[in-house]
Amino acid sequence: MNEPDIHLYTAATMNGYKPVIFLEEAGIAYDLTFVNFAKKEQKDPAYVKLNPNGRIPTIVDRSNGDFAVFESGAILWYLAEKYDRFLPHDANDRSETLQWLMFQMAGVGPMMGQAMYFQRIALPNGQEEPFSIKRYVDESRRLLEVLDARLAEHDWLAADQYSIADMATYPWARAFRWANVPVDDLTNLNRWFERIDARPMIQKALTIPKAQPAFWGDVDEDAFLEENAARFASDVKS
Ligand SMILES: N[C@@H](CCC(=O)N[C@@H](CS)C(=O)NCC(=O)O)C(=O)O
């Protein structure tokens, strides 16, 4: 049997779900290596040759001389160009899509990621940093307000169509409970969540490589909190 063009290295995290969302939404065949953080597989020298940052996700395109792409935003962009999906052709629409993609990559992801880190990893490992928690939760809230204002005028983040900007932003913004960022009053953001939640391929993608319902706030999170904090324990500076 022929191997698919795209081999994906990923794990069940917000950045890790992004390429899965694209590939499932576009109906593209791919195969996948689960990268196990508990075993530090993301730091393995063979993997770091593909992803110099030693993090997930990464793709390798077998049909392009095993070309490797790291950084989840660049991966979405590469896939969008390769398959001509979810990135408009019109120059302004394309720019608008990349603007919101960059807004996620440089803002929503890093700020929510730090809000999660200080509450879900540092704190359970004995490192209490109230100043950092407040800083990152407040900044995350501010960024989600920017999304809410944008979504007051538009159904989708960019170019009035579902795109790689929505695919990149959704797993982060939708994990507002895991970051303890209140969003009840952000009605436009909540309606956008409902629109994306309703997409069957999204629901499928959020189970690959495995489901993490605690991120979305749908389960009692204590057991997962313990497992998650342990996975990253060595990253906590004392
Ligand atoms: N900017 C990178 C961030 C990648 C990243 O931080 N990945 C996390 C999971 S969401 C990771 O691999 N963590 C493992 C580690 O820190 O060793 C991207 O968007 O691809």
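Which residue in E2 is the bridge partner of histidine 7? Aspartate 31 is. Keep in mind while reading on that this is a predicted model. Here are my notes, point by point.

1. The pairing behind that opening question. Strand E1 covers residues 6-10, and it pairs with E2 in the parallel sense, over five bridges. The histidine 7 and aspartate 31 pair belongs to these two strands, with the aspartate sitting in E2.

2. The whole sheet. Four strands make up an open sheet, and reading across you get E2-E1-E3-E4, with mixed pairing. E2 (30-34) and E4 (67-70) are the edge strands; each has a single partner strand, so one side of each is left without a neighbour in the sheet. Going from one strand to the next, the twist averages 20°.

3. Helices on the sheet. Helix H1, residues 14-26, lies across E1 and E2 and runs at about 150° to E1. Helix H3 (residues 72-83) packs on the sheet too, where it touches E1, E3 (58-61) and E4. The direction of H3 makes about 130° with that of E4.

4. Who surrounds the ligand? The residues around it are Thr13, Asn15, Phe37, Gln42, Lys43, Arg55, Ile56, Pro57, Glu71, Ser72 and Met105. If you have the model open, these are the ones to display when you look at the ligand.

5. Arginine 55 uses its side chain, with a polar atom 2.9 Å from an oxygen of the ligand. For lysine 43, an N or O atom of the side chain is 3.4 Å from a ligand oxygen.

6. A cis bond beside the ligand. Isoleucine 56 and proline 57 are joined by a cis peptide bond, with omega at about 5°. Both residues are among those around the ligand. Proline 57 itself is in the loop between helix H2 (45-50) and E3.

7. Other backbone points to check. A cis peptide bond also runs from isoleucine 208 to proline 209, with omega near 0°. You'll find proline 209 in the loop between helix H8 (200-205) and helix H9 (213-216). Aspartate 84 is not a glycine, yet it has a positive phi of about 55°. Look for aspartate 84 in the loop between H3 and helix H4 (91-122). As background, most residues other than glycine have a negative phi, and most peptide bonds are trans.

8. Domains. Where the two meet, 15 residues of domain 1 are in contact with 20 residues of domain 2.

Key:
Residues numbered from 1 in each chain as written. Predicted model: local features only at pLDDT ≥ 70, side-chain atom pairs only at ≥ 80, totals over all residues. Heavy atoms only, no water. Pairing = 2+ DSSP bridges. Axes fitted to C-alpha atoms, helices over the stretch in contact; angles between N-to-C directions. Contact = heavy atoms within 4.5 Å. Near = heavy atom within 4 Å. Polar contact = N/O pair within 3.5 Å; in protein donor to acceptor, adjacent residues only side chain to side chain.
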